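Have the model open while you read.

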Amino acid sequence: TDYAVYSGDDDFFIPVTMEICEQILDAHPEFIAFHGTAVALNADGVHGGPIGVDAYLLPTMMSNWSFHRIEEFFLGYGVSIFSLHRADAWREMHRRSDQMADKYIGAEVAPSSLSSGLGITGELDCLYLVRQIHSARIIATKATEWVLSEEFTLSSKILLDHLTELAIKLDTEAGMLPGDVDIPRKICDAYYRYVLGDHSHK
């Protein structure tokens, strides 16, 4: 399989847009992922009807620097695993997920943030994904409770180590590693700004 994407049992992809994304990735090796626009269909409970539609952010990452893309990702968090990815990038995004006891970090935060570090992601101006959002799938977590858990601490260390290693490796290989920037600190700062923000996980 050349490409991979995450889909929940109540997520709906638009096949034509998915095919166009695949064609773009075939023709443009500089991209590791592509997607179209997405919307969240807000439902009245699990089996209720729709009560509203909102835009659903899928990250578009175009900076040439890996560590800049990682910073940008955490400043405007979005779920990158819904973008169509190259299979080799997908494997790297999930390589250490099974080591993370915090399942939210392992299943979503880690692969999504690693996607931003691995390469650029583009967006088409056409409908690509419809997500169904309802109260049963939202887990409200207080940031203080989350960050004080052992699962969070251990999982975050694994993730931050992976992100830092990735950014330094890719930016060094590209000859773009700035000597006056403390990349581990900047990635850590961006991560914890996200962590201490809103955590209604959907």
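1. Tyr 77 and Tyr 194 are both buried (under 20% relative accessible area with a 1.4 Å probe, protein chains only; exposed is over 50%, partly exposed in between). Their ring centres sit 4.5 Å apart with the planes at 10°, so this pair is stacked. Rings of Phe, Tyr and Trp (its six-membered ring) pair if their centres lie within 6.5 Å; planes under 30 degrees apart are stacked, over 60 edge-to-face, and the rest tilted.

2. A word on the source: this is a predicted model, where local features need pLDDT of at least 70 and side-chain atom pairs count only at pLDDT 80 or more, while totals for chains, interfaces and linings use all residues. Numbering starts from 1 along each chain as its sequence is written, and side-chain values use heavy atoms, with hydrogens and water left out.

3. Tyr 77 is in the loop between α2 (66-75) and β5 (84-86), and Tyr 194 is in helix α7 (residues 183-195), so the pair ties together parts 117 residues apart in sequence. Helices (H or I, at least four residues) and strands (E, at least two) are DSSP runs numbered from the N terminus.

4. Tyr 104 and Trp 146 are buried too. With centres 5.6 Å apart and planes at 55°, their rings make a tilted pair. Tyr 104 belongs to helix α4 (residues 103-118) and Trp 146 to helix α5 (residues 143-147).

5. Strand β6 (residues 120-133) is mostly covered, with ten of its 14 residues buried. β3 (residues 31-43) pairs with β6 in the parallel sense over ten bridges (pairing takes at least two DSSP bridges).
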